[in-house]
Amino acid sequence: MSRIVSVNGAYLPEEEAKVSIFDRAFLFGDGVYEVTAVLDGRLVDFDAHLSRLDNSLREIALAPPLTHADLRTLHEELIGRNGVEEGVVYLHISRGAADRDFAYPENTPPTVVAFTQSRPLIDNPYAATGVKIITIPDMRWKRRDIKSTSMLAQAMGKQAAKLKGAYEAWMVENGVVTEGTSSTAFILDAEGVLRTQPLGSHILPGVTRRAVLRLAQQESVPLEERPFSVAEALAAREAFMTAASAFVLPVVEIDGVPVGDGKPGPVSRVFRRIYIEEARKT
C-alpha cells in the first residue's frame, strides 16, 4: 500500500502529491521544516519541535498556517494512516507559490507538506559501534538558528562524509566546531566536562541537545556551553552527536583518529539509554 502524505490539508498517496513549480521553497529555499521522532507510535519531544518551528516562522516573517493543536492532529493522523511505530514525521512549511520575485509576495497561502518515514531508531546499529566523522569548513549562512529548507551546504558536507566512509561531518568555523550537518556536537573533554556550543544565530537550537543538557544536570555531569576545537575533540575522553532521528550516537573517530579508546564512551551510552526510557514514558 502506498504511503499517505499530506499536502495543504489533503491526505493522499505519495504518487498523487504535487506542489507548484513556483513554490518559493523550490525557487528560493523560502521555507522551514521540522523532523519529529516517533517511538511506539507516539511523537517524541513534540512541544519542543513546535516551539522551534514558531521561532523559525517568526524569523522569516511567515505567519503560522496551523495551530499547535492542528499540527499535532496532522502528525498523529499521518502516523496512524501509515502505521508508523518507529520513525519520523517530516513537516515542511513554505511561503507558498507565486511568480518568481525575490521580495515576499503578499497574501500568498503557504504550502504545508508532511510525510512519514518508518525506520529503526532504538536498534540503530551505530549506537553499539559508534560513528566516524570528518571535519569540514562551515560554509553556511549566518542565520543557522532558523531551520531553513535551504540545506545545500549541509548536503555537500554529508556527501563529503559519505565519500570518506564517515557517518557525519562536523563543521568548523574560526577554529572551533560549530555543529554537525544534521546534528549537535558534544565532547567530554580531558577534564571530564561535557561541552557543546552555546546557543546563538551560529547554530541550530537542537531539541535533543536541550534534552541532553537536562540529563547532564540530572546525572551530575559537569557541563559548559563552551566551544571546542578539533584538537580538543581529539584529546577528549569521548564524543557524541545528537539529533531527533538519531537520539544520542557515540563518535569514535574524527578525521581517521580514534577518540578515547575508539569505542563508545560510558556517558554517551547512559545518555542514550535514559533519553529513550524517558521518551517512551512521556
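Author: What follows is a set of questions and answers on a predicted model, in which each label is set against its cut-off.

Reader: Why is the pair Glu-34 and Arg-52 called a salt bridge?

Author: The closest N and O atoms of Glu-34 and Arg-52 are 2.8 Å apart, and because the cut-off for a salt bridge is a nitrogen of Lys or Arg within 4 Å of a carboxyl oxygen of Asp or Glu, the pair qualifies. Glu-34 sits in strand 3 (residues 31–39) and Arg-52 in helix 2 (residues 46–59), so that the pair links distant parts of the chain, 18 residues apart. Both Glu-34 and Arg-52 are buried, and a search of the whole structure finds 22 salt bridges.

Reader: What makes Arg-280 and Asp-40 partly exposed?

Author: Arg-280 has a relative accessibility of 37% and Asp-40 a relative accessible area of 33%; since buried means under 20% and exposed over 50%, values in between are called partly exposed. These two residues also form a salt bridge, with their closest N and O atoms 3.0 Å apart. Because Arg-280 lies in helix 8 (residues 266–281) and Asp-40 in the loop between strand 3 and strand 4 (42–43), the pair ties together parts that are 240 residues apart in sequence.

Reader: How do you know whether Glu-179 and Arg-140 are buried or exposed?

Author: The relative accessible area is 5% for Glu-179 and 11% for Arg-140, and as the cut-off for buried is under 20%, both residues are buried. Their closest N and O atoms are 2.7 Å apart in a salt bridge, which links Glu-179 in strand 9 (residues 176–180) with Arg-140 in the loop between strand 7 (131–137) and helix 5 (152–163), 39 residues apart. Salt bridges that share partners join Asp-138, Arg-140, Lys-142, Arg-144, Glu-173 and Glu-179 into one network.

Reader: What makes up the lining of the largest cavity, by class?

Author: The lining has four nonpolar, three polar and one charged residues, and Glu-34, Thr-36, Phe-46, His-49, Leu-50, Leu-53, His-75 and Leu-91 form it. Because Glu counts as charged and Leu and Phe as nonpolar, Glu-34 is the charged residue, while Phe-46, Leu-50, Leu-53 and Leu-91 are the nonpolar ones. Helix 2 gives the most to this lining, with four residues, and the space inside is about 30 Å³.

Reader: Which residues touch the most other members of the largest nonpolar core?

Author: Among its 22 residues, these are Leu-194, Val-212, Phe-240, Phe-247 and Phe-271, and helix 8 gives the most to this core, with six residues. Leaving aside its neighbours within four places in sequence, Phe-271 is in contact with residues that include Leu-194, Val-212 and Phe-240. A second, separate core of 20 residues includes Leu-57, Ile-60, Leu-74 and Val-84. In soluble globular proteins, nonpolar side chains tend to be buried together.

Definitions and conventions. Residues numbered from 1 in each chain as written. Predicted model: local features only at pLDDT ≥ 70, side-chain atom pairs only at ≥ 80, totals over all residues. Heavy atoms only, no water. Salt bridge = Lys/Arg side-chain N within 4 Å of Asp/Glu carboxyl O. Helix = DSSP H or I, 4+ residues; strand = E, 2+ residues; numbered from the N terminus. Buried < 20%, exposed > 50% of the residue type's maximum accessible area, 1.4 Å probe, protein only. 1 Å grid on protein atoms, 1.4 Å probe; cavity = no way out; pocket = protein on both sides within 12 Å on 5 of 7 lines; lining within 4 Å. Points joined across faces, edges and corners; volume = space filled by probe spheres on them. Core = buried A, V, L, I, M, F, W, Y, C linked by side-chain atoms within 4.5 Å. Contact = heavy atoms within 4.5 Å.
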